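Dear colleague,

Please find the structure below, together with a short account of what was found in it.

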Amino acid sequence: MELSKETVFKLIDEAAKARDMAYAPYSKFHVGAALLLGDGSIITGCNIENASFGATNCAERTVIFKAVSEGHRDFKAIAIVGGKADEPLSDYAYPCGICRQVMCEFCPDDFPIIVAVNKEKYYIKPLDEMLPGLFRGDKVL
Ligand code: THU
């Protein structure tokens, strides 16, 4: 599916808004993610940290788990915006390895991952470039 510029911009906006909801008192690194569903709707998520550190959930997993738990599995694209809460956004917030693996469970090889600083500075890479040699066990999407 070709993503229009309008859709990419909307996803970046929604990810930036979701970032405001981040609960990250330990790292102060706030991340928002916006997931485009097959029906054109968008679900958002943020990172949610925990005093144990290990129980922290990234924004990408929050949004995917939200979507799956609400009955959605047809995902068209994801946008991610992140950075230190007290600094202007300047760098790309790459999805971590665990989140890439979670995307791989539900998304096709060419699933577009939009990593954005803002609407002027972003890039789009397919999942299989972000996670080469991806592992799906014997699952066929
Ligand atoms: N984080 C995300 O939300 N997404 C990623 O893919 C990378 C890391 C969060 C987890 C933690 O709350 C903070 O960023 C610092 O690692």
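Arg61 belongs to helix H2 (residues 59-69), helices being DSSP runs of H or I of at least four residues and strands runs of E of at least two, numbered from the N terminus. Leaving aside residues up to four places away in sequence, Arg61 touches Thr56, Cys96, Ile98, Cys99 and Val102 (heavy atoms within 4.5 Å).

This is a predicted model: local features need pLDDT of at least 70 and side-chain atom pairs pLDDT 80 or more, while totals for chains, interfaces and linings use all residues. Residues are numbered from 1 along each chain as its sequence is written, and side-chain values use heavy atoms, without hydrogens and water.

The whole structure holds six aromatic pairs (ring centres of Phe, Tyr or Trp, its six-membered ring, within 6.5 Å; planes under 30 degrees apart are stacked, over 60 edge-to-face, the rest tilted). The ring centres of Tyr94 and Tyr123 are 6.1 Å apart and their planes lie at 45 degrees, so this pair is tilted. Tyr94 sits in the loop between strand S3 (75-84) and helix H3 (97-106), and Tyr123 in strand S5 (residues 122-126), 29 residues apart. Ring pairs link Tyr92, Tyr94 and Tyr123 into a cluster.
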